[in-house]
Amino acid sequence: MSALLLTNARLAGRPDRPVDVLLDGGRVAAVTPAGAPALVPVSTLPEHVDVDGRTVVPGLWDAHTHLTQWAMVRQRLDVSAATSAAHAAALVRDRLDRAAPPSDGLPLVGYGFRWATWPDEPTAAVLDDVAGEVPVVLLSGDLHSAWASTAGLRFLGIAHHPTGLLREEEWMPASPRIVTVDDAVSDALVAEAARAAAERGVVGVVDFEVADNLTAWRRRVAGGWDGLRVRAGVWEQHLDAVLDAGLRAGDVLGEPEGSDLVTQGPLKVISDGSLNTLTAFCFDAYAGVGGPDAHGVLNIATDQLAPLMARAHAAGLRCAIHAIGDHANSLALDAFEASGARGSVEHAQLLRPADVARFAALGVTASVQPEHAMDDRDVAEELWPGRTARAFPLAELRAAGVRLALGSDAPVAPLDPWTALAAAVTRSRDGREPWHPEQRIDARAALEASVDGRPLDLAAGGPADLAILDHDPLDGELLAGAANAGPDGAADDAPALADALRSTAVAGTLVAGRWTYRAL
């Protein structure tokens, strides 16, 4: 691996300190004032690349993805803009008018609908009216439900269904017909998605694909995987294979002489549902909802969750527990305390103040997806009235000393760290006023939560995983408007800042000192 010298670079938030960055052996060998000699040995004469005053930051990570699903969704019909069942059906009709339906009886698959506040019901009949005998299956934005036409239901192996809207336990057993493809196809799609992620400065992801990730990622490594770093999560149904292999957190999944880009990730467990399906498990009932599930659905009791986590912890694995509702989060923290496990709560969308403090006391990471706040702000106000001041409480978590890790939950939100970062910093999208601006975090905190714990000043010895940006995301002039806003969002330039952060231009990305994307 040849050495590389990046000259005339700047560090984030340090415009007065131009530096040269020497990369060698897959590591950051030295960071020196621009023009000064790097007083370290290098393996070969370094290649020189003048980055012309651009900002160099540690490469960005997405702490929560479903990578194969994201790769597939990028090829599918986007119905996320639908404001009603009729609107979604019209998008399906337009797609069928523009292009031939899938061949061989395969379904037209769409994604992204959010039906909880629609004025009309998503039924099979609504899709039948526009698709006829063409099978149609639409995946919800949170992947916890699906909506199918009559032909789509038949494709899924469901002979009869009262509505065509499949929720949670109804959907999950049927989902493999839609969310799985041949290995060769999925591997090619994932490789293409990794290239697209590199164009946004991404060097690594945590992959929570609901699959046998040990087998899938060993296969990809054997095939020469070089796209980005991956921590491959494991689900309970595949835990025995990981433990039998003696794998601990961070162990390389390839052969001993193979790539070290893919390593063993945490045990993933889903403890409750989601807001949009009214299944996130909450202390208070959903507005206007009665019956036994008015508070949502708990998928696993603490007396089952804690022993499972303890088993993984004893084997050297971390744990990643999906919890969205405030009651689910409280129980997840109970399980961390009872098991002694280390790791993260994934989502942490609604929290009681006492549980914010418990995150800090237990050392549990809050793995959060700020763009979900932008997707869910309206439905949260409707279904969690009076509670949204403690929804997506990033500022409270940060103030309490809780480690934050930003991600997307792709395909629920795009695999683009600048989207997550913009939402965390501004709580604004599409020109709207900030939603609960008191829960914003500053740009430095958001960037630090996006680089897998690496110092923004590029400490020597760290991995040569870098992103080169056309503009500094910590530029004081850029951030001034939001920084000067009051707690009510008045006199706030958050929408403009959100647009600027979302459109951050990446000029190059390196993983272990190797270019995975280069535009300079």
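1. L253 is placed in the loop between α8 (239-244) and β14. The model under discussion is a predicted one. With a relative accessible area of 2%, L253 is buried, because residues under 20% fall in that class. Apart from neighbours within four places in sequence, L253 is in contact with L214, W217, R218, A232, L247, V262, T263 and Q264.

2. Two packed helices are described by the angle between their axes and the distance between the axes. Here the axes of α6 and α7 come within 11 Å and cross at roughly 70 degrees. α6 is therefore roughly perpendicular to α7, since angles of 65 to 115 degrees are described in that way. On the α6 side the contact is made by D183, S186, D187 and V190, and on the α7 side by W217, R219 and R220. By class, the residues of this contact are two nonpolar, one polar and four charged. W217 of α7 takes part in this contact, and W217 is also among the residues in contact with L253.

3. The largest pocket holds about 1200 Å³ of space. Its lining consists of 49 residues, and those nearest the centre are H66, M172, V210, W235 and I270. Two or more lining residues come from each of α1 (67-73), α5 (176-179), α6 (183-198), α7 (213-222), β14 (262-270) and α12 (371-383). The largest share, five residues, is given by α7. In terms of class, the lining has 17 nonpolar, 18 polar and 14 charged residues.

4. The second largest pocket has a volume of about 650 Å³. Of the 28 residues that line this pocket, S80, G112, R114, D375 and R429 lie nearest its centre. The elements giving two or more residues to the lining are β8 (108-113) and α12, and α12 supplies the largest share, six residues. The lining divides into 13 nonpolar, six polar and nine charged residues. The helix α12 also gives two or more residues to the lining of the largest pocket.

5. Where does T279 lie? T279 is in the loop between β14 and α9 (302-314). T279 is buried, with a relative accessible area of 2%. Beyond its neighbours within four places in sequence, T279 is in contact with R167, E168, D272, G273, S274, Y286, G296 and V297.

6. Most residues other than glycine have a negative phi, and most peptide bonds are trans. E168, one of the contacts of T279, has a positive phi near 45 degrees although E168 is not glycine. E168 lies in the loop between β11 (165-167) and α5, and E168 counts as buried at 7% relative accessibility. L278 likewise is not a glycine and has a positive phi of about 60 degrees. L278 is found in the loop between β14 and α9 and counts as buried, with 16% relative accessibility.

7. A cis peptide bond joins A410 and P411, with omega of about 15 degrees. P411 lies in the loop between β18 (404-406) and α14 (417-426). How far is the C-alpha atom of A410 from that of L253? The two atoms are separated by 23 Å, and the residues are 157 apart along the chain.

Note on methods. Residues numbered from 1 in each chain as written. Predicted model: local features only at pLDDT ≥ 70, side-chain atom pairs only at ≥ 80, totals over all residues. Heavy atoms only, no water. 1 Å grid on protein atoms, 1.4 Å probe; cavity = no way out; pocket = protein on both sides within 12 Å on 5 of 7 lines; lining within 4 Å. Points joined across faces, edges and corners; volume = space filled by probe spheres on them. Helix = DSSP H or I, 4+ residues; strand = E, 2+ residues; numbered from the N terminus. Nonpolar A, V, L, I, M, F, W, Y, C, P; charged D, E, K, R; others polar. Buried < 20%, exposed > 50% of the residue type's maximum accessible area, 1.4 Å probe, protein only. Contact = heavy atoms within 4.5 Å. Axes fitted to C-alpha atoms, helices over the stretch in contact; angles between N-to-C directions. Parallel < 35°, antiparallel > 145°, perpendicular 65-115°, else oblique.
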